[in-house]
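Trainee: Could we walk through this structure together, one question at a time?
Mentor: Gladly; have the sequence and the model open.

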Amino acid sequence: MTVIDTVLLKVASRCNLNCTYCYVFNMGDTGWERQPKRLGDAVAARIVEQLGDLYRYQGRPFSIVLHGGEPLMLGRDRLEALFSALHEEIPACGLHLQTNGTLLDDRILDLCARFGVGISISLDGPEAVTDRFRIDHKGKGSFQRVHKAVEHIRRHPKASQLFSGMLAVVDPETNAREIYDFFKGTGTPSVDFLYRDGNHDQLPFGKASFESTEYGRWMCDLIDAYLTDPTPPRIRVVDDMIKLLLGGAARKEGVGLSDYGIMVIDTDGTISKNDTLKSTTNAGDVFSENWSVVRDRLVDVVRSREFRDYHESQRPISSVCRTCADLAVCGGGMPTHRFSAKRGLDNPSVFCSDQKMVVARLRQWLKPHEGKAA
Ligand code: SF4
């Protein structure tokens with residue numbers, strides 16, 4: 001059976017921001033329209049019960065990430081009830097919140113501190129960079145509000161426990177070193193950089209062709225800034241690739257070939273695939289069985305053939321990837337980036353040239369240390 005590492009719990013299906021690149025609302029998927037705006041009490045109770053069952057069955061804890069839309073739109077009281085129930089049922093499972101930060105206040109921070117919830121805030125960089133895409137429904141940039149939230153969390157007495165880090169989407173038209181310096185200046189303990197969504201039919205923003213290397217060049221500049229800084233914030237994707245090059249294992253989907261079990265539960269209790277697949281086709285994240293935690297036993301879903309096939313789709317099937325010298329590090333990238341209407345996921349990542357450039361730069365950095373590892 002697939003071991004689940006992460007459950008993304010969609011507790012609010014709408015968002016108070018309207019980021020132009022968002023795969024939930026602005027890349028052709030319409031699933032959000034059919035979802036209840038917020039997770040209701042009855043579905044929440046069923047989710048808690050089912051996650052407890054899954055934990056006992058697989059005998060290993062998993063992370064539970066509250067996600068959306070914007071998860072803080074669930075409201076403080078419902079959040080408290082959910083944290084409390086999850087904490088009581090499965091105390092071994094870590095709780096996390098992925099938020100746009102605009103609704104973070106002292107009451108939410110105190111609540112998260114009480115239940116040991118780690119908070120990751122989405123922000124792309126300085127004001128002009130963030131406000132280019134991360135706007136609200138009136139077209140107004142979100143930077144000032146989010147930046148205030150970052151200062152707020154840093155001043156909280158439990159900041160070191162609360163603040164997990166920041167999540168940034170790469171804009172290859174920016175200067176990577178300036179973006180790196182900005183994030184370092186925020187005091188964040190870590191930054192996770194994501195490529196923009198896209199595929200072979202819809203090239204990601206800023207990428208001129210399959211062969212072009214805009215993202216690769218940007219990442220190489222970032223790597224140079226990171227690896228020459230004696231006191232850097234952690235950059236997960238770079239750390240993971242270095243670990244893989246040194247023979248270790250990565251921790252998340254989209255890098256390397258380690259197994260990573262992810263499941264998504266929507267606000268109505270529907271169980272879906274990795275939600276980034278929404279950027280491939282409308283309903284690209286939907287299982288044909290249309291399972292729901294309300295009707296179906298989660299353990300049976302995870303043990304099913306269809307779930308196993310979905311899980312195995314993380315591994316690239318393209319012969320280009322399977323014979324690639326960088327496969328063990330790149331892993332074929334995120335499945336959503338391999339998609340084309342003609343061949344499904346049977347393609348290398350649309351970021352293939354970028355990934356090769358990044359791996360080559362890391363190999364260059366590691367070369368002087370070859371043979372020195374114990
Ligand atoms: S996407 Fe490209 S770099 Fe990555 S494994 Fe496939 S062929 Fe290699």
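**A guided tour of the model**

Mentor: Gly69 has its place in the loop between strand 2 (63-67) and helix 2. Please keep in mind that this is a predicted model.

Trainee: What is the form of the peptide bond from Gly68 to Gly69, and what is its omega?
Mentor: Most peptide bonds are trans. The bond from Gly68 to Gly69 is cis. Its omega is near 20°.

Trainee: Is Asn290 buried, partly exposed or exposed?
Mentor: Buried means under 20% relative accessible area and exposed means over 50%. Asn290 has 44% relative accessibility, so it counts as partly exposed.

Trainee: How many cavities of 30 Å³ or more does a search of the whole structure find, and what is the volume of the largest cavity?
Mentor: The search of the whole structure finds five cavities of 30 Å³ or more. The largest cavity has a volume of about 110 Å³.

Trainee: Which residues that line the largest cavity are closest to its centre?
Mentor: The largest cavity is lined by 13 residues. By class, they are seven nonpolar, four polar and two charged. Closest to the centre are Cys321, Cys324, Cys330, Cys352 and Lys356.

Trainee: Which helix gives the most to the lining of the largest cavity?
Mentor: Helix 12, helix 13 and helix 14 each supply at least two residues of that lining. The one that gives the most, with three residues, is helix 14.

Trainee: What takes up the space of the largest cavity?
Mentor: Around the ligand we find Val320, Cys321, Cys324, Leu327, Cys330, Gly332, Pro348, Ser349, Cys352 and Lys356. Two or more residues of this shell come from each of helix 12 (319-322), helix 13 (327-330) and helix 14 (352-366). The space of the largest cavity is taken by the ligand.

Trainee: Which residues are closest to the centre of the second largest cavity?
Mentor: The second largest cavity has a volume of about 90 Å³. Of the 13 residues that line it, the closest to its centre are Gly254, Gly256, Ser258, Gln314 and Gly331.

Trainee: What is the volume of the second largest pocket, and which residues are closest to its centre?
Mentor: The second largest pocket has a volume of about 310 Å³. Its lining divides into six nonpolar, nine polar and seven charged residues. Of the 22 residues that line the pocket, the closest to its centre are Gly31, Trp32, Gln35, Asp266 and Lys278.

Trainee: Is Thr6 buried or exposed?
Mentor: Thr6 is found in strand 1 (residues 6-10). Leaving out residues up to four places away in sequence, Thr6 touches Phe62, Ser63, Val65, Tyr260, Gly261, Ile262 and Met263. Its relative accessible area is 9%, and the cut-off is under 20%, so Thr6 is buried.

Trainee: Which residues does Arg315 touch, not counting those up to four places away in sequence?
Mentor: Arg315 lies in the loop between helix 11 (305-312) and helix 12. At 38% relative accessibility, Arg315 is partly exposed. With those sequence neighbours left out, Arg315 touches Leu257, Asp259 and Arg338.

Trainee: Which residues does Glu80 touch, again not counting those up to four places away in sequence?
Mentor: Glu80 is part of helix 2 (residues 76-89). Its relative accessibility is 23%, so Glu80 counts as partly exposed. Its contacts beyond those sequence neighbours are Leu111, Arg114 and Phe115.

Trainee: How far apart in space are Glu49 and Lys243, C-alpha to C-alpha?
Mentor: Glu49 belongs to helix 1 (residues 41-58). Along the sequence, Glu49 and Lys243 are 194 residues apart. In space, their C-alpha separation is 37 Å.

Technical notes:
Residues are numbered from 1 along each chain as its sequence is written. This is a predicted model: local features need pLDDT of at least 70, side-chain atom pairs count only at pLDDT 80 or more; totals for chains, interfaces and linings use all residues. Side-chain values use heavy atoms; hydrogens and water are left out. Helices (H or I, at least four residues) and strands (E, at least two) are DSSP runs, numbered from the N terminus. A residue is near a molecule or strand if one of its heavy atoms lies within 4 Å of it. On a 1 Å grid over the protein atoms alone, a cavity is a set of points where a 1.4 Å probe fits but cannot get out, and a pocket is an open set with protein on both sides within 12 Å along at least five of seven lines; lining residues have an atom within 4 Å of a point. A molecule sits in a cavity or pocket if more than half of its atoms lie within 2 Å of its grid points. Grid points are joined across faces, edges and corners, and a volume is the space filled by probe spheres set on the points. Ala, Val, Leu, Ile, Met, Phe, Trp, Tyr, Cys and Pro count as nonpolar, Asp, Glu, Lys and Arg as charged, and the others, Gly among them, as polar. Buried means under 20% relative accessible area, exposed over 50%, partly exposed in between (1.4 Å probe, protein chains only). Contact means heavy atoms within 4.5 Å.
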